[in-house]
Amino acid sequence: MARKPKTGPASDPELLILSSLASGPKHGYAIMSDVETFAGVTLGPGTLYTAITRLVEKKLIVPQSGAGRQRPYKLTAEGATGLTEQLNAMRRVAAAGLRRLRPA
Amino acid sequence: MKHFIVRTLLRLYPASWRREYGVELADLLLARTLTAGTFANVLRNGLWQRLRAAEPSTLVGFAMLLVMLNGFVWNIIAPPRFGSGSSLLLQYFWGSNLYVELLVGCGVWTYLRYGGKLSRSGKAAMRITFLAGVPSMLAGVLMLSGFLSVIVVGRWDTPTTFHEHGFAYTYYDAQVRSCWIRVQEPTGTLKSIQSTACPPAPLGILVAPLFALPASWLWGMVGGLLGRWIARTRRPVSA
């Protein structure tokens with residue numbers, strides 16, 4: 001049950017993790033810190049790993065064999081496509097909303 | 001101490017999940033300050049993972065346990081005469097076709113999901129009945145130990161409400177029914193007398209759900225057979 005820390009699509013843990021991995025493979029702790037930096041959202045450790053489990057099951061990310069105990073996770077091609085589609089859809093909604101808010 | 005808390009928290013997750021992600025989550029928790037929020041977050045997600053990994057029959061069994069528990073609670077705080085839907089549900093559910101269909105359905109589901117022996121479907125159905133019977137067995141234990149006293153209210157019992165000290169009190173007049181009980185006289189001899197206090201036997205309540213297990217096993221097996229037939233008809237015909 002990956003509870004969303006805030007409301008809205010931009011706080012969805014799965015989307016945040018995919019966005020974080022878009023810049024390259026990261027392990028759990030690095031994903032958490034990165035999400036906090038670029039989105040201002042603190043993911044709980046349980047929420048983070050529940051979302052990672054789901055993303056691995058959906059084959060959107062894949063664990064890599066790491067040297068230490070922490071394995072880095074990498075975005076798959078399918079994950080990159082899914083993320084691009086989601087972000088484009090969000091951009092369309094955001095653009096439309098902002099355009100309508102603008103005074104005529 | 002922190003290591004102990006983290007290890008205990010990780011126990012909430014299913015073993016298969018721990019094998020895959022346990023070390024990573026443990027390291028993450030050890031590297032952070034364990035706040036109440038972190039504790040609650042891990043606890044909630046651990047239970048969620050356990051729920052995801054559970055067998056269908058366990059989930060259905062727990063759902064049944066809640067239905068039964070709900071029925072018991074409503075029977076105590078609002079007996080059927082006051083139109084409590086939950087208590088009526090409890091009475092009718094055990095003897096209903098829906099209950100049998102649930103056991104057969106779980107047998108089908110178990111066979112289609114895991115395949116293998118039919119007995120697995122039978123065991124799954126037994127698990128549902130056992131879990132659903134836990135509130136009843138618990139009531140039996142409480143009655144045996146003297147913590148719970150049960151009065152059976154039937155449709156012939158009339159409720160009477162009176163007002164006192166600003167509260168409304170309701171009691172049931174259960175004088176219509178009576179049973180023979182044995183009492184000890186001051187001389188020490190046992191004598192049978194007719195009494196209106198006829199509670200059900202605690203031992204009977206304790207073991208009653210266990211008698212339902214063989215029937216559940218059979219219904220589960222029927223479901224398993226049905227599942228096997230469905231699996232065979234779905235299989236593509238080889239050339």
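A:Glu57 comes out as partly exposed in this predicted model, with a relative accessible area of 48%; by the scale used here, buried means under 20%, exposed over 50%, and partly exposed in between, taken with a 1.4 Å probe on protein chains only. B:Arg52, also partly exposed, has 32% relative accessibility. These two residues form a salt bridge, with their closest N and O atoms 2.6 Å apart. The term salt bridge covers a side-chain nitrogen of Lys or Arg within 4 Å of a carboxyl oxygen of Asp or Glu. Helices (H or I, at least four residues) and strands (E, at least two) are DSSP runs numbered from the N terminus.

As for conventions, this is a predicted model in which local features need pLDDT of at least 70 and side-chain atom pairs count only at pLDDT 80 or more, while totals for chains, interfaces and linings use all residues. Residues are numbered from 1 along each chain as its sequence is written, chains are lettered from A and ligands numbered from 1 in the order in which they are written, and side-chain values use heavy atoms, with hydrogens and water left out.

Three salt bridges are counted between chain B and chain A, and nine residue pairs are in polar contact there, both partners at pLDDT 80 or more. A polar contact is a pair of N or O atoms within 3.5 Å; within protein, one must be able to donate a hydrogen and the other to accept it, and residues adjacent in sequence count only if both atoms are side-chain atoms. On chain B, the elements giving two or more residues to the side that touches chain A are α2 (15–30) and α3 (36–53). The largest share, nine residues, comes from α2(B). Sorted by class, that side of chain B has 10 nonpolar, four polar and six charged residues; Ala, Val, Leu, Ile, Met, Phe, Trp, Tyr, Cys and Pro count as nonpolar, Asp, Glu, Lys and Arg as charged, and the others, Gly among them, as polar.

In all, 20 residues from chain B and 22 residues from chain A take part in the contact, meaning heavy atoms within 4.5 Å. About 2,000 Å² is buried between the two chains, 52% of it on carbon and sulfur atoms. Of the area that chain B buries against chain A, 31% is down to B:Tyr21, B:Glu24 and B:Leu28, more than any other three residues supply. Buried area is the accessible area (1.4 Å probe) that two parts lose on being put together, summed over both.

Over all chains, the structure holds eight salt bridges. One of them pairs A:Arg54 with A:Glu14 at 2.5 Å, N to O. A:Arg54 lies in helix α3 (residues 45–57) of chain A and A:Glu14 in helix α1 (residues 13–21), so this pair ties together parts that are 40 residues apart in sequence. A:Glu14 counts as buried, at 12% relative accessibility. A salt bridge also joins A:Glu14 to A:Lys58 (2.8 Å, N to O). Here the link spans 44 residues, with A:Lys58 in the loop between α3 and β1 (61–63) of chain A. A:Lys58 is partly exposed at 42%. Through shared partners, A:Glu14, A:Arg54 and A:Lys58 belong to one salt-bridge network.
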